[in-house]
Amino acid sequence: AYAERAVLLRRSDALWRMGHGNPAPYELLTGSGSRELLESSLGLLRELVLDHQRFVFVPSAPADRMLLTIGNALRPLEYAIVDTLSDRINRVVEQGHYRGDWASLLDGVREFAADAGSKVIIGVYRASAMSPPHMFFAHADHVHKAAMIAMADSTLQEHRGFPMMIDLADSICRTTFGSDTLIAPTQVAYAQAGEPFRYLTERQTRK
């Protein structure tokens, strides 16, 4: 999650950035057990959400039934602005289990939540008559253009109604950086260290 947002922000010179999921996901706001990740994430997310601002994030399978109900009531190429990220991000802050030394970072997380929560808009759109609705996240100052960008890219896949750019990125990453790209070099390294079989599972050595 961190790498995806870092690449979007720092390795692209495009005006708009399209991402997958939530722009400020749970694992980055809590650090996932790493203080260094949390500290780096706060700076990255602040730069993306509050400074760059021109982004649109589309999750794959939202569980929010209220949003999906609103989305299913939309006609093709319509979108609705529904809420801000404030309540969701505040729940993460309050339930993020910042204990012990982590408490010193809580002020920074709360400050980001206060600054960014109301600036991130949650919406829903429907790209075609046959496709399901999809949620999207965008900055409040650019939400209408963000919705247009998401819908324009999604109409290229009429049956899915999901941004083609995200599907293309997923396909390239799975092909180029799939598990095989790490497994094979790891097995070679173990073989060179004189332990070609010790760390393999039973299934990996089964004929």
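Mentor: Let us begin with a term: a residue is called buried when its relative accessible area is under 20%, and exposed when that area is over 50%. Please keep in mind that this is a predicted model.

Trainee: Is His 134 buried or exposed, then?

Mentor: His 134 has a relative accessible area of 7%, so His 134 is buried.

Trainee: In which strand does His 134 lie?

Mentor: His 134 belongs to strand E5, which covers residues 134-139.

Trainee: What does the side chain of His 134 have 3.1 Å away?

Mentor: A polar atom of that side chain is 3.1 Å from the backbone oxygen of Arg 160.

Trainee: And which residues does His 134 touch, leaving out those up to four places away in sequence?

Mentor: Among them are Val 58, Pro 59 and Ser 60, as well as Gly 123, Val 124 and Tyr 125. Arg 160, Gly 161 and Phe 162 also touch His 134.

Trainee: Let me change topic. How are two packed helices described?

Mentor: One gives the angle between their axes and the distance between the axes.

Trainee: What are those values for H3 and H6?

Mentor: Helix H3 (residues 35-52) and helix H6 (residues 103-116) pack at an angle of about 15 degrees, and their axes are 11 Å apart. H3 is therefore roughly parallel to H6.

Trainee: Is their crossing left-handed or right-handed?

Mentor: The crossing of H3 and H6 is left-handed. Residues making the contact include Leu 38, Leu 42 and Leu 45 of H3, and Leu 105, Val 109 and Phe 112 of H6. By class, this contact of H3 with H6 has 9 nonpolar, 2 polar and 5 charged residues.

Trainee: What about H5 and H6, are they roughly parallel or roughly antiparallel?

Mentor: Helix H5, residues 86-94, packs with H6 at an angle of about 175 degrees, the axes being 10 Å apart. An angle over 145 degrees counts as roughly antiparallel, so H5 and H6 are roughly antiparallel to each other.

Trainee: Which residues meet there?

Mentor: From H5 come Ile 89, Asn 90, Val 93 and Glu 94, and they meet Leu 106, Val 109, Arg 110, Phe 112 and Ala 113 in H6. These divide into 6 nonpolar, 1 polar and 2 charged residues.

Trainee: Finally, how many helices and strands does the protein chain have?

Mentor: The protein chain has 10 helices and 5 strands. Of its 207 residues, 40% are buried.

Methods. Residues are numbered from 1 along each chain as its sequence is written. This is a predicted model: local features need pLDDT of at least 70, side-chain atom pairs count only at pLDDT 80 or more; totals for chains, interfaces and linings use all residues. Side-chain values use heavy atoms; hydrogens and water are left out. Helices (H or I, at least four residues) and strands (E, at least two) are DSSP runs, numbered from the N terminus. Buried means under 20% relative accessible area, exposed over 50%, partly exposed in between (1.4 Å probe, protein chains only). A polar contact is a pair of N or O atoms within 3.5 Å; within protein, one must be able to donate a hydrogen and the other to accept it, and residues adjacent in sequence count only if both atoms are side-chain atoms. Contact means heavy atoms within 4.5 Å. Axes are lines fitted to C-alpha atoms, for helices over the stretch in contact, and angles run from 0 to 180 degrees between N-to-C directions. Angles under 35 degrees count as roughly parallel, over 145 as roughly antiparallel, 65 to 115 as roughly perpendicular and the rest as oblique. A crossing is left-handed if the near helix is turned anticlockwise from the far one by less than a right angle, and right-handed if clockwise. Ala, Val, Leu, Ile, Met, Phe, Trp, Tyr, Cys and Pro count as nonpolar, Asp, Glu, Lys and Arg as charged, and the others, Gly among them, as polar.
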